[in-house]
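Dear colleague,

I am passing on to you the structure shown below. My notes on it follow directly after.

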Amino acid sequence: MVEPRSISVSSDRWLTDSRVYSLIWLGRWLERADNIARVINTFARIAVESGADMLTLQQSLGNAAAIRGIRVEDAGQSLEMLLRYHEASSIYHSLHTARSNATHVGTVELIRAISETVMTLERDGAMPASPLEALLLTNEILERLDAVYKVIDDSWFHQEALSEEEVYRRFVQQ
Amino acid sequence: MLTDTSTAGHPLNECLNPDGSVKPVYRNLVNAIDSLGVPELQRRWGDANHRAALDAFTFMLDPREFRTVPTDWMPRLIPEGEWDVISRGVAQRLKAINRFLLDLYCGEQEVVPPDVMYSCQYFNPELLDYRPARDVFVHIYGIDLVHMGDGRYVILEDNLRIPSGITYQMKSAEIGLGAIPELAAGYDIIPYDIRAAYQEMFASLCEKDSPVCVLLTDSKYGSAFFEHRYLSELFGITLVEGSDLYIGANGRVWARAMGGDFEVDLIYRRVEDLELFVPGLTEAYLDHKVVLVNAMGTGACDDKLVFLWVPDMIEHYLGEPAILDQAVSYDLRSPANREYVLQNLDSLVLKTRQGYGGLGVFILPDLDKGYRSRLAQQLIEQPQVFIAQETLDFSQHLVFDESSGEFEGRYVDLRVFAVQNGHGEVTVFPGGLTRVSEANSRVTNNSSGGSCKPSWVVR
């Protein structure tokens with residue numbers, strides 16, 4: 001059996017109260033991003049399978065947004081709000097905040113993995129124009145989130161995590 | 001392509017001569033850039049920017065916005081001979097300032113007029129008769145210089161409280177070299193080891209073996225949090241917030257942690273108002289229950305007016321002339337100086353004594369007449385709040401505009417970092433952080449819109 005070790009990269013460092021706080025919120029914001037991505041993904045899949053158009057998908061997502069407490073004035077903006085623009089309940093905001101917490105408690109690899117996920121929503125043309133594009137985008141986000149979870153698993157339980165100290169050592173050796 | 005730049009005509013361009021020819025030290029670099037060509041250079045620039053974003057290499061101006069440090073990846077080259085002078089000058093200045101602070105708080109200083117010291121916001125009378133560990137006040141020192149284009153560097157100001165930016169020096173070099181290694185071809189870059197110097201400094205200040213050191217940050221939403229996180233990992237010390245620390249029943253500093261609280265021997269503090277973050281810390285410090293890096297009280301020499309007397313400190317304490325010149329500055333408490341400054345407003349820089357981060361710096365030639373008049377009125381009413389400095393026409397460097405594929409001239413300064421350990425040994429880290437102004441500006445601070453570029457000292 002592999003002994004669990006501290007998430008801090010160095011075994012002689014402590015998990016202080018503020019880092020515990022960041023760890024809890026890291027988990028909560030990642031969970032929220034994952035949850036929203038799965039909701040959009042499910043509605044997009046149904047839309048694609050039933051041949052529904054974008055407006056129908058947007059209206060369906062309006063209900064999902066309402067469950068999350070998001071008031072969408074224009075039903076045609078539900079997807080944009082859930083993906084990117086809502087300050088508390090969009091995937092983008094959730095990942096952005098998760099990354100802030102990761103910078104406090106995570107490893108370089110975890111920060112990079114979350115950043116990769118954030119970037120899927122920042123690139124040009126990221127906003128889907130059809131249910132199929134929404135499906136593909138959320139598939140990609142969910143795959144990247146899986147990569148984030150793998151980094152957490154690896155750094156917590158298994159291999160030695162990459163620290164800034166190690167990045168620096170490799171750089172000096174070059 | 002680089003030599004085609006329309007900015008080659010600036011007389012103080014570090015890379016190019018006024019006729020557009022390349023300065024000898026830059027020939028290999030320019031050849032490498034020309035060999036890569038614009039499309040490849042744009043691609044590599046994109047790679048470097050991507051890596052910076054991935055690593056959250058940030059300086060946050062607004063905690064709600066993720067902002068990577070704007071960086072121009074073309075390095076600045078400093079010949080070893082020039083660096084040797086800078087390095088000796090920085091070490092000399094650090095030692096003199098430390099001696100002065102010891103006399104100021106623990107003896108009797110005779111260099112700076114008492115009314116200047118006592119009107120200094122950061123002079124801390126609570127520290128009178130307090131000797132810091134190993135008599136070191138200044139452990140980490142940042143100094144801002146500008147290059148006059150002829151190998152001569154002039155000091156603009158000292159940073160002694162919580163000088164920041166050393167991570168940006170390291171990370172910009174690491175990312176730049178990783179993305180565009182061809183730029184280093186033909187150069188022997190002088191290496192340095194920040195981790196070893198800091199760890200040696202921490203250890204030398206503590207009485208016991210394996211002291212427990214922590215880095216105190218304001219929070220993960222603070223502007224320089226990347227640096228705090230990076231350095232704590234690099235040095236292998238725990239990153240703490242104010243809420244993690246408290247003063248225990250034994251008068252020592254403790255940190256709250258899973259699995260049991262622990263005692264702290266040394267705090268590398270990256271916050272200003274220590275009592276706000278950790279109530280009771282001043283008392284613990286004065287009782288020698290904890291070491292602070294930098295020590296309390298160093299801010300007295302951050303004062304822009306005290307800056308005028310640093311050359312005298314060097315003469316007085318070290319018995320030698322200052323190696324580095326500093327910008328000619330005017331004490332505005334003197335009526336004659338005030339008169340001179342008021343008559344020459346269009347050619348001077350006005351600074352508030354306590355300003356930092358580019359705040360409180362007014363480059364008067366760059367301001368409109370109305371703004372200058374309002375400042376003149378403030379100066380007449382409160383001369384003790386300001387100092388004036390000559391406006392220097394310092395050097396420019398070239399920065400690459402990714403979208404146009406062209407190089408443009410920008411003003412650059414140089415922040416050099418040094419550490420002093422408990423044995424009084426000073427290490428100056430080669431290269432420093434080159435800070436780059438925005439177009440049509442001379443202000444280089446990141447918090448005022450500036451960017452940075454890697455700096456290499458080359459043999």
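In which sense do strand β4 and strand β9 of chain B pair, and over how many bridges? Strand β4 (residues 213–217) and strand β9 (residues 266–269) of chain B pair in the parallel sense, over four bridges. Please note that this is a predicted model. Within this pairing, B:Leu216 has B:Arg269 of β9(B) as its bridge partner.

Both strands belong to an open sheet of four strands in chain B, with the order β5-β4-β9-β10 and parallel pairing. Because β5 (238–241) and β10 (291–293) of chain B each have a single partner strand, they stand at the edges, and one side of each is left without a neighbour in the sheet. On average, neighbouring strands of this sheet are turned by 30 degrees against each other, direction ignored. Helix α6 (residues 225–235) of chain B lies across β4, β5 and β9 of chain B and runs at about 175 degrees to β4(B).

Turning to the domains, chain B is divided into domain 1 (2–314 + 316–320 + 393–458) and domain 2 (328–390). Their C-alpha centres lie 26 Å apart. Domain 1 of chain B gives 21 residues to the contact, and domain 2 of chain B gives 16 residues. The area buried between these two domains is about 1600 Å², with 46% from carbon and sulfur atoms. B:Lys304, B:Leu305 and B:Arg442 supply 34% of the area that domain 1 of chain B buries against domain 2 of chain B, more than any other three residues.

Four salt bridges are counted between domain 1 and domain 2 of chain B. Separately, the side chains of B:Arg353 and B:Asp303 meet in a salt bridge (3.0 Å, N to O).

With kind regards

Methods. Residues numbered from 1 in each chain as written. Chains lettered and ligands numbered in written order. Predicted model: local features only at pLDDT ≥ 70, side-chain atom pairs only at ≥ 80, totals over all residues. Heavy atoms only, no water. Pairing = 2+ DSSP bridges. Helix = DSSP H or I, 4+ residues; strand = E, 2+ residues; numbered from the N terminus. Axes fitted to C-alpha atoms, helices over the stretch in contact; angles between N-to-C directions. Contact = heavy atoms within 4.5 Å. Domains from an automatic or database assignment. Buried area = accessible area lost by both parts, 1.4 Å probe.
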